[in-house]
Amino acid sequence: TDPLFLGPLYEREHLDDDVRSLVCMSAALTRFDLEGFGDLTKEALRRGLPESAVRECCLQGVAYAGFPRAVAALFAIADLLGPAPEQSGMFDRTDTLADGTDYFRGVYGDHSDTLLEKIQALDPNFSDLVIRGAYGRVLSRPQLAPMQRALMGVGSLCVLGQRPQLFAHAAWALRYVPTVQPCLQSVPCVELPYPDNRRPGWPEAPTSFL
């Protein structure tokens with residue numbers, strides 16, 4: 001990743017180094033830019049981001065980018081990380097429904113019941129997977145602060161071009177930050193440091209639309 005791009009990016013206000021690193025990495029993972037993800041991880045570790053947060057970023061990538069990209073990202077940075085930690089007990093938790101529901105309601109607020117009903121009407125199994133899996137087992141984990149996870153979600157959803165979910169996550173992030181500026185400052189973290197905003201030969205993909 002171009003240091004002429006990263007230097008000014010990290011110098012901007014409203015996001016600390018850890019949050020900015022996590023948002024950049026989340027966007028690169030979602031875009032499946034493994035080379036960029038590796039470079040960003042190296043820079044994040046140099047700036048003091050804990051290795052546990054790097055692993056947590058890969059894990060959160062499952063909820064936004066899917067298992068294949070999240071696992072590939074973890075392989076891409078394997079030489080930057082120390083020995084694997086002990087199993088976290090993620091699947092031993094018994095409160096995933098309650099945790100997932102609370103997290104989901106935190107993101108979608110007054111619209112959460114209606115949205116859940118619509119998902120359940122399409123397929124109740126899918127609804128259970130969203131609440132217990134994505135929200136209960138992954139996004140509600142305490143290893144990262146809710147504000148960090150919310151802004152990481154903003155970065156990933158910018159890449160995906162998912163406007164409704166993006167606005168919901170940005171509104172949720174405002175519960176944890178004093179102004180809208182941290183949300184706005186998450187958007188430059190999504191941009192690639194290349195003239196045409198993509199690596200040569202790669203298919204075009206949305207990076208931001210704000």
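Q: What makes a residue buried, partly exposed or exposed?
A: Buried means under 20% relative accessible area, exposed means over 50%, and partly exposed lies in between, with a 1.4 Å probe and protein chains only. This is a predicted model, in which local features need pLDDT of at least 70 and side-chain atom pairs count only at pLDDT 80 or more, while totals for chains, interfaces and linings use all residues. Residues are numbered from 1 along each chain as its sequence is written, and side-chain values use heavy atoms, with hydrogens and water left out.

Q: Why is Tyr176 called partly exposed?
A: The relative accessibility of Tyr176 is 37%, and therefore Tyr176 counts as partly exposed.

Q: Why does Trp172 count as buried?
A: Trp172 has a relative accessible area of 3%, so Trp172 falls in the buried class.

Q: What makes Phe104 and Tyr108 an aromatic pair, and why is the pair called tilted?
A: Rings of Phe, Tyr and Trp (its six-membered ring) pair if their centres lie within 6.5 Å, and planes under 30 degrees apart count as stacked, over 60 as edge-to-face and the rest as tilted. A search of the whole structure finds 5 aromatic pairs. One of them joins Phe104 and Tyr108 at 4.9 Å centre to centre with 40 degrees between the planes, so this pair is tilted.

Q: How many residues apart are Phe104 and Tyr108 in helix H6?
A: They are 4 residues apart in helix H6 (residues 96-108), which means that about one helical turn separates them; helices (H or I, at least four residues) and strands (E, at least two) are DSSP runs, numbered from the N terminus. Phe104, at 2% relative accessibility, is buried, and Tyr108, at 15%, is buried as well.

Q: Why is the pair of Trp172 and Tyr176 called edge-to-face?
A: The centres of the two rings are 5.8 Å apart and the planes are 85 degrees apart, so the pair of Trp172 and Tyr176 is edge-to-face.

Q: How do you know that the charged end of Arg47 sits over the ring of Tyr10?
A: A charge sits over a ring if NZ of Lys or CZ of Arg is within 6 Å of the ring centre and within 35 degrees of the ring normal. The charged end of Arg47 is 3.8 Å from the centre of the Tyr10 ring and is classed as sitting over it.
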